[in-house]
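I opened this notebook to record what I looked up in the structure. The entries follow the order of my reading.

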Amino acid sequence: MEELVALCKRRGFIFQSSEIYGGLQGTYDFGPLGVELKNNIKNAWWESMVYDNDNIEGLDSSILTNPLVLGYSGHEDTFSDPMVDCKSCGLRFRADQVPKECKPEDLTEPRQFNLMFKTNVGPIDDGSSFAYLRPETAQQIFTNFKNVIDSTSKPVPFGIAQIGKAFRNEITPRNFIFRVREFEQMELEYFVMPGEDEKSHDIWVQKRLEWWKKQGVPTESIELYDVPTEELAHYSKKTIDLMYKFPHGLEELEGIANRTDFDLGSHSKKQNELSIGSSVKENKHSNSKMAVQDDSGKWVVPFVIEPSAGVERGFLAILNEAYFVEDLENDKTRVVLRLKPHLSPIKAAVIPLKKNNTELVEAAKKIKNDLQKIGLGRVIFENTGNIGKSYRKHDEIGTPVCITVDFQTLEDDSVTIRDRDSMEQKRLDIDDLNNYLIKLINR
Ligand code: GAP
């Protein structure tokens, strides 16, 4: 883990948040390369969900959430972790994460600690008007169920996908960006008719494994954990966690839950007119009937299959899989991030051989500008005058290809292409660069 953390800081992937004031525990900032990698991960997810499936729609709902939403969802009552205090060191821990140094006899009895952040809404700060920062993006998908159906005329099965921030006041944030207090989720709520849920759940587990593989996290690196009944969330009938061997240990990368009819049933009006299978609180506030009519005209509350992945955990797993330290000749080593090219923060670096040669510099700038226009992601012009150093840097940040502009370029409009993984170099006509890059990034 230390090596990854050091690389992230050194190269501008991730910084501690509020660092100049000593930081804020459980929060991180994504730097110039981090924001690109993060966006690329999110784009890959969005494409695979919304663009590849005509029956999945996107949503971007608010973070500030009406307390009623999280009351009826069960979060006010159950979204808590057991917390203990250590009388010896004076620190507070999640009951299952107490360090070995704290003796059992020094610990207080566990008590429940709700993980939701509250914030004041409006100009009066007397606690009478507050909202929650959403602890998962899912709830506002459920509350928008009817809006999306009515505006898109989607028949069940259909899904709503959302990527966005979630906030949890974790008792012990830890392991770099693995467990933080502010993070992003990529969540799909896929609505199916009751009876179709188990098959759909199995299909989504397979689809998600395939997606992770395309992002460079092979299926062999993921273990499926069938969450035992006593550990299931209050809404779940079955959950399969995708467990990944993070540098600090085997932990959850993504959860794929069968949430049954709990969510739509909980947020629905006229609950007694619907045969809701889950045990839900009586809803006295909702103005929406969260149900659809089946072929016979009967109102049915759909079941929900939910693949829910954390962006930060995906980021960490992808970096971990891509990170290699390779031995070179002359007892030298190189660090190389073998990221899938569509995820690379920088798609290509264009480097003039001589820093101060106007013709080379101008030719390189033109190539950079032309490649940037293809819209594959960020291409940079790099004018360090030290080709070897530039190659090493771009190996380390995962740039799939470096393009060197030299004196031959001025004569025959060709450049040197240097491949990150094989380190092989070859000549290519400038006219062929677009296609070369398109093929490389989309492979
Ligand atoms: N809507 C379902 C839900 O939120 P979850 O298992 O609590 O389920 C889903 O969270 C995913 O969100 C996890 O698999 C993980 O990737 C990510 N996640 C949850 N808590 C996190 C935290 N404190 N820091 C970073 N990622 C987190």
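**Helix α6**

I began on one side of helix α6, where Asp150 and Ser151 are exposed. The model I am reading is a predicted one.

I then turned to the rest of α6, which spans residues 145-152, and found Phe145, Lys146, Val148 and Ile149 buried. How do the buried residues of α6 fall when seen down its axis? They fall within an arc of 165 degrees, so they line one face of the helix.

Ser153 follows α6 and has a positive phi, near 55 degrees.

**Cysteines**

I searched for disulfides and recorded zero in the structure.

I made the corresponding entry for Cys8. Its sulfur has that of Cys402 as the closest cysteine sulfur, 20 Å away, again too far for a bond. Cys8 is buried as well, at 0% relative accessibility.

**Arg427**

I next located Arg427 in strand β24, which covers residues 425-429. Is Arg427 buried or partly exposed? With a relative accessible area of 32%, Arg427 is partly exposed.

I listed the contacts of Arg427 beyond its neighbours within four places in sequence: Asp406, Gln408, Thr409, Asp412, Ser414, Val415 and Thr416.

**The chain as a whole**

I counted 13 helices and 24 strands in the chain. Its C-alpha atoms fill a box of roughly 80 × 65 × 50 Å along the principal axes.

Of the 443 residues, 51% are buried. The accessible surface comes to about 21,500 Å², and carbon and sulfur atoms account for 47% of it. Taking contacts between residues at least 6 apart in sequence, I found that 62% join residues at least 24 apart.

For charge, I noted 57 positive and 71 negative side chains. The centres of these two sets lie 3 Å apart.

Note on methods: Residues are numbered from 1 along each chain as its sequence is written. This is a predicted model: local features need pLDDT of at least 70, side-chain atom pairs count only at pLDDT 80 or more; totals for chains, interfaces and linings use all residues. Side-chain values use heavy atoms; hydrogens and water are left out. Helices (H or I, at least four residues) and strands (E, at least two) are DSSP runs, numbered from the N terminus. Buried means under 20% relative accessible area, exposed over 50%, partly exposed in between (1.4 Å probe, protein chains only). Contact means heavy atoms within 4.5 Å. Accessible areas come from the Shrake-Rupley method with a 1.4 Å probe; for residues, only the protein chains shown count as cover. Lys and Arg count as positive and Asp and Glu as negative; His and the chain ends are not counted. The place of a charge is taken as NZ of Lys, CZ of Arg, CG of Asp or CD of Glu. A disulfide is a pair of cysteine sulfur atoms within 2.5 Å. The arc is that of the directions from the helix axis to the C-beta atoms.
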